Amino acid sequence: MVGIIDYGAGNIRSVSNALNRLNVRHFISSDYHELDKADKLIFPGVGEARSAMEALIKSGLTDWLIQIRVPFLGICLGMQLLLERTTERNTECLGLLAGESKRFGNEQTGLKVPHMGWNQVRHDSKMPLFKCIADGENFYFVHSYYVPLTSETIGTTEYGVQFTSALKNENYYGVQFHPEKSGPTGLQLLRNFVELC
Amino acid sequence: MLTKRIIPCLDVKDGRTVKGTNFLQLRDAGDPVELAARYSDEGADELVFLDISATLEGRKTFLQMVERVAAAIQIPFTVGGGISSINDVKNALDAGADKVSVNSAAIARPSFVDEASSCVGSQSVVVAIDVKRAKNTWTVWTKAGTESTGLDALSWANEVFQRGAGELLVTSMDRDGTTAGYDIELLSTLSERISIPLVASGGAGKPEHVKDAIQLGKADAVLAASIFHYNKISISELKLFLHNNNISVRM
């Protein structure tokens with residue numbers, strides 16, 4: 001059973017709809033006693049980092065989130081929050097992974113921010129998360145901050161800079177794109193997470 | 001490389017898709033959820049649904065449709081039409097939409113853009129701007145294109161960007177429904193000056209128009225309705241055409 005972590009900041013319904021399409025049994029909860037019963041966890045996130053962290057603190061989820069033992073997938077902001085901090089309103093994050101998220105620069109490059117739309121993910125196809133997904137396949141992105149490349153990076157995308165579009169640290173996975181909004185390719189990735197990770 | 005987006009737009013009235021010419025003369029074009037699924041299968045990158053129902057009953061029907069769309073397709077979609085309060089914004093996103101498009105309400109009360117973007121994030125707030133040419137400038141119109149605001153399109157676009165809009169959806173009323181091509185000059189003027197994504201709307205009649213909007217108008221995405229609804233050209237044919245013209249698209 002997959003648990004979707006609800007902390008009032010995330011497109012919960014889209015993730016739930018996508019899991020329904022895959023016939024994956026799941027539940028949505030903000031209570032970690034309930035969420036502890038899940039054998040897989042999904043941590044969605046859309047919106048602004050500081051309000052999201054405040055919502056997590058308010059829900060009492062911050063300590064619980066960094067000691068999870070089951071496969072865990074952070075999506076978009078849900079990945080960024082795993083780092084130590086973000087330059088988005090200088091927010092301290094969960095600190096499970098080293099490093100900080102940064103804003104795409106738009107002055108020097110004429111880059112439009114947010115990075116919005118379908119972009120290619122280059123990845124190591126041997127990772128179970130990317131099984132049956134071609135290297136360079138398009139996924140849907142919408143974000144203004146990015147995770148720089150780290151030793152945990154397993155997928156990269158280019159938008160002015162090369163950034164981390166997927167990462168893995170033990171049982172923790174993170175993706176910057178929205179698999180729940182990335183058509184059949186995104187559904188395949190969610191299926192991989194549920195069945196293989 | 002970030003691909004250019006092709007976005008079919010569905011105008012919805014009392015639960016049915018309609019599309020007018022120059023904002024008038026509605027013709028019936030089918031069930032929105034069915035059309036949405038078809039477009040998604042054909043390779044649409046996103047969808048836009050505009051509620052043009054004038055009644056409360058029509059609005060309720062629209063929100064139910066949003067829920068059905070969210071369950072039926074796994075690509076992003078924007079909803080607009082009559083969004084005028086934070087409650088409207090939340091209702092649309094809770095029903096499963098990814099973004100809301102705000103138009104007249106932003107003109108009536110510009111701080112609505114700040115409120116909406118700080119509440120749900122800039123990435124979910126699209127500001128739609130309907131413009132008409134006036135000699136060498138463009139003027140913003142409101143209330144479904146029935147009333148001129150006197151605002152200059154470029155300064156209004158800049159203002160909503162400053163207030164936190166995450167994307168601009170710019171419709172040329174002169175071109176809308178005419179199939180005479182997008183207003184390229186309008187697009188390039190805005191795109192070069194505003195650093196959020198620009199969606200071009202109004203005037204698509206053939207693949208060359210879309211190519212021009214992207215290559216000459218520097219649009220990040222193009223929105224079209226009638227060319228898709230009446231099967232003048234399929235999305236996959238359009239994308240192949242763009243790909244063959246060195247435009248990066250998701251195939």
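Modeller: Let's start with B:Asp45, which forms a salt bridge with B:Arg250, with 2.9 Å between the closest N and O atoms. That pair connects distant parts of the chain: B:Asp45 is in the loop between α1 and β4 of chain B, while B:Arg250 is in the segment after α10 (235–244) of chain B, 205 residues away. By salt bridge I mean a side-chain nitrogen of Lys or Arg within 4 Å of a carboxyl oxygen of Asp or Glu. The helices (H or I, at least four residues) and strands (E, at least two) are DSSP runs, numbered from the N terminus.

Keep in mind that this is a predicted model, where local features need pLDDT of at least 70 and side-chain atom pairs count only at pLDDT 80 or more, while totals for chains, interfaces and linings use all residues. Residues are numbered from 1 along each chain as its sequence is written, chains are lettered from A and ligands numbered from 1 in the order in which they are written, and side-chain values use heavy atoms, leaving out hydrogens and water.

Back to that pair: B:Asp45 is buried at 0% relative accessible area, and B:Arg250 counts as buried too, at 13%. Here buried is under 20% relative accessible area, exposed is over 50%, and partly exposed is in between (1.4 Å probe, protein chains only).

B:Glu46 meets B:Arg5 in a salt bridge, 2.6 Å from N to O. B:Arg5 sits in strand β1 (residues 5–13) of chain B and B:Glu46 in the loop between α1 (32–42) and β4 (47–51), so this pair ties together parts 41 residues apart in sequence. B:Arg5 is buried at 1% relative accessibility, and B:Glu46 is buried at 1% as well. These two belong to a salt-bridge network that also takes in B:Lys99 and B:Glu167. Over all chains, the count is 24 salt bridges.

For a contrast in setting, look at A:Lys102 and A:Glu100, whose side chains meet in a salt bridge at 4.0 Å, N to O. A:Lys102 is partly exposed at 35% relative accessible area, and A:Glu100 is partly exposed at 24%.

Now for the place where the chains meet. Between chain A and chain B there are two salt bridges; one of them is A:Lys112 with B:Asp220, 2.8 Å from N to O. The contact (heavy atoms within 4.5 Å) takes 29 residues from chain A and 35 from chain B. About 2,500 Å² is buried between the two chains, with carbon and sulfur atoms giving 50% of that area. A:Lys112 turns up again here: together with A:Met116 and A:Trp118, A:Lys112 supplies 31% of the area that chain A buries against chain B, more than any other three residues. Buried area is the accessible area (1.4 Å probe) that two parts lose on being put together, summed over both.

There are also 16 residue pairs in polar contact between the chains, both residues at pLDDT 80 or more. On chain A's side, α1 (12–21), β8 (115–123), β9 (137–143), β11 (153–159) and α6 (183–196) each supply at least two residues, and β8(A) gives the largest share, six residues. A polar contact is a pair of N or O atoms within 3.5 Å; within protein, one must be able to donate a hydrogen and the other to accept it, and residues adjacent in sequence count only if both atoms are side-chain atoms.

A:Gln120 is in that strand, β8 of chain A, and is buried at 19% relative accessibility. Beyond residues up to four places away in sequence, A:Gln120 touches residues of both chains, including A:Asn138, A:Thr156, B:Met1 and B:Thr3. With A:Asn138 there is a side-chain polar contact of 2.9 Å. A:Thr156, in strand β11 of chain A, is buried at 18%. A:Thr156 and A:Arg122 are 34 residues apart in sequence yet 5.2 Å apart in space, C-alpha to C-alpha.
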